[in-house]
Amino acid sequence: MKQAQKLVAPVLEAFASKRGFASQRFAARASEEVVAVDNAARKGCDGVMEVPSRLLMGPGPANAYPRILTAQALPLLGHMHPPFLKIMDELSEGLRYTFQTKSKYTLMVSGTGHAGMEAAIANLVEPGDKVVVGNAGIWGERVGILSRRYNADVIELKTPAGTTFSYEALKAALTQHKPKVLFLCQGESSTGTHQSLAGLGELCRQTGTLLLVDTVCSLGGVPLFADQWGVDCIYSGSQKCLSGPPGAAPFFMSERAMEALQRRKSPPATYNLDMNLIGDYWGWFGKRSYHHTGPVSTFYAMREALAIVSEEGLESLWKRHQEMHHRLWDGLRSMGLKPFVEKDEDRLITVNTIKVPDGVDWAAVVKHAMDTYSLEIAGGLGPTAGKVWRVGIMGFNAKPQNVDLVLHAFRDGLKRQGKL
Ligand code: PMP
């Protein structure tokens, strides 16, 4: 240490005197053992970054609208500056449209879908509360894990991969357990299923249950009417059908969910995701308090994303997703490919799961698409790993030329293996 100080001190002296600073100041810092800088990692992150251009037709992220990316380059504002607070208000309003709610409790959680998921569980559930978790794939499984970390009494309902829960099965579970929360994933991206929410809001009201729904892969792609369907809490993602960058999780709470939050015996175990505190930043309770620095540029992007949703209109957005799903399946079926999800009504249109035929190397098809067309299609996840391909048709990407390129890549990939 002495040796290092001897070496560094004269350099600091010279630097200080050149700038007219008191050398004393640097001497004090020098006593913090200033040694020679280790440059080993310096070369690993320098120069101008290069990013390849890819068409992202996997389960997400999807490509962003260019206008959304441009919005991110706008000048930063302070996270409490009035013009930024106005943008946050506009985001809340845009979410009210997207969720179809009049609830004042909408906002973007700063973080990805997982942050929305954790915010929902941490705020709705108190230790010992019963949570019925519909596990139809990895997202239900994950909500179960997360809920246990918040000391919930988790009752897991399982359904085979590729199927959804019937109203009767859910009614039986609610009647038996009368849980505080029922969790369902509207668009289960690991299996490609679309869980119907019909009648569940009413059922949940009968058993005093809050209905929590994951819409990360479905919001903007398929119909959702938060108020009309009696949903109490929703979290979603920015990088799927809304075509924004990852990092902001659309979030909604009903009046009932808010009342439950206010009735808690103790505050949520997370400070970072405490919706009373975050709500205060978003003006839910009539004032604005600093909780964290909102991700300013990401919120600009989402402001633009929600403007695009409102310009196109939900009906035409849902219709576009539907049409592209049919276009995909017309082409896939003509190659002899089959959906993993047997029943038409269970099939998610935004993330499509395609059965890998016997003897086909699924990974080679994926690799060929990427190598040849810079096109991302994905393999399975969790219960579908090795069994399916997953093709996402979401937001900006839901257009004919992209679907046709996916079909072309499949045809090509199968031919190379002599399977077509
Ligand atoms: N839920 C679903 C249905 C998802 O598809 C995903 C992401 N693929 C998540 C939750 C988690 O979102 P994120 O990766 O943005 O945290």
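Tutor: A polar contact here is a pair of N or O atoms within 3.5 Å, and within protein one of them must be able to donate a hydrogen and the other to accept it. Keep in mind that the model is predicted.

Start with Asp38. A polar atom of its side chain lies 2.9 Å from the backbone nitrogen of Ala40. Asp38 belongs to the loop between helix 2 (23-30) and strand 1 (55-56). Is Asp38 buried or exposed? Its relative accessible area is 63%, so Asp38 is exposed, because exposed means over 50%.

Thr101 is also in a loop, the one between helix 4 (82-99) and strand 2 (106-110). A polar atom of the side chain of Thr101 lies 2.9 Å from the backbone nitrogen of Ser103. There is a side-chain partner as well: the side chains of Thr101 and Asp227 make a polar contact of 2.6 Å. Thr101 has a relative accessibility of 7% and therefore counts as buried, the limit for buried being under 20%. Setting aside residues up to four places away in sequence, Thr101 touches Arg96, Thr106, Ala226, Asp227 and Phe252.

Lys240 sits in the loop between strand 9 (233-235) and strand 10 (248-253). Its relative accessibility is 10%, so it counts as buried. A polar atom of the Lys240 side chain is 2.7 Å from the backbone oxygen of Pro59. Pro59 is also one of the residues in contact with Lys240 once neighbours within four places in sequence are left aside; the others are Gly60, Ala62, Val216, Cys217, Met394 and Gly395.

The unreviewed UniProt entry also has the annotation "binding site", which covers Arg390. Arg390 is part of strand 14 (residues 388-392). Which backbone atom lies 2.9 Å from a polar atom of the side chain of Arg390? That atom is the backbone oxygen of Ser189. At 6% relative accessibility, Arg390 counts as buried.

Thr298 is 260 residues away from Asp38 in sequence, and their C-alpha atoms are 34 Å apart in space. Thr298 lies in helix 11 (residues 296-312). Whereas Asp38 is exposed, Thr298 counts as buried, because its relative accessibility is 14%. Its contacts, without residues up to four places away in sequence, are Gln72, Pro245, Pro246, Gly247 and Ala248.

Helices also pack against one another. Two packed helices are described by the angle between their axes and the distance between the axes. For helix 5 (residues 113-124) and helix 6 (residues 138-149), the angle is about 50° and the axes are 10 Å apart. Helix 5 is therefore oblique to helix 6. The crossing of these two helices is right-handed. On the helix 5 side, the residues that meet helix 6 are His114, Met117, Glu118 and Ile121; on the helix 6 side they are Trp139, Arg142, Val143, Leu146 and Ser147.

The second pair is helix 12 (residues 314-334) and helix 14 (residues 400-416), whose axes come within 10 Å and cross at roughly 20°. Helix 12 is therefore roughly parallel to helix 14, since angles under 35 degrees count that way. Helix 12 also passes helix 14 in a right-handed crossing. Met324, Arg327, Leu328, Gly331 and Leu332 of helix 12 meet residues of helix 14, among them Pro400, Val403 and Phe410.

Finally, the whole. The protein chain has 14 helices and 14 strands, and buried residues make up 53% of its 420 residues. Its C-alpha trace spans about 80 × 60 × 40 Å along the principal axes. Of the contacts with a separation of 6 or more, 71% are between residues 24 or more positions apart. UniProt, in an unreviewed entry, places "domain: Aminotransferase class V" at residues 79-380. Over that stretch the chain is 41% helix and 16% strand, with 39 Å between the end C-alpha atoms.

Conventions: Residues are numbered from 1 along each chain as its sequence is written. This is a predicted model: local features need pLDDT of at least 70, side-chain atom pairs count only at pLDDT 80 or more; totals for chains, interfaces and linings use all residues. Side-chain values use heavy atoms; hydrogens and water are left out. UniProt positions are given in the numbering used here, feature names are shortened, and annotations may be inferred rather than shown by experiment. Helices (H or I, at least four residues) and strands (E, at least two) are DSSP runs, numbered from the N terminus. Buried means under 20% relative accessible area, exposed over 50%, partly exposed in between (1.4 Å probe, protein chains only). Axes are lines fitted to C-alpha atoms, for helices over the stretch in contact, and angles run from 0 to 180 degrees between N-to-C directions. Angles under 35 degrees count as roughly parallel, over 145 as roughly antiparallel, 65 to 115 as roughly perpendicular and the rest as oblique. A crossing is left-handed if the near helix is turned anticlockwise from the far one by less than a right angle, and right-handed if clockwise. Contact means heavy atoms within 4.5 Å.
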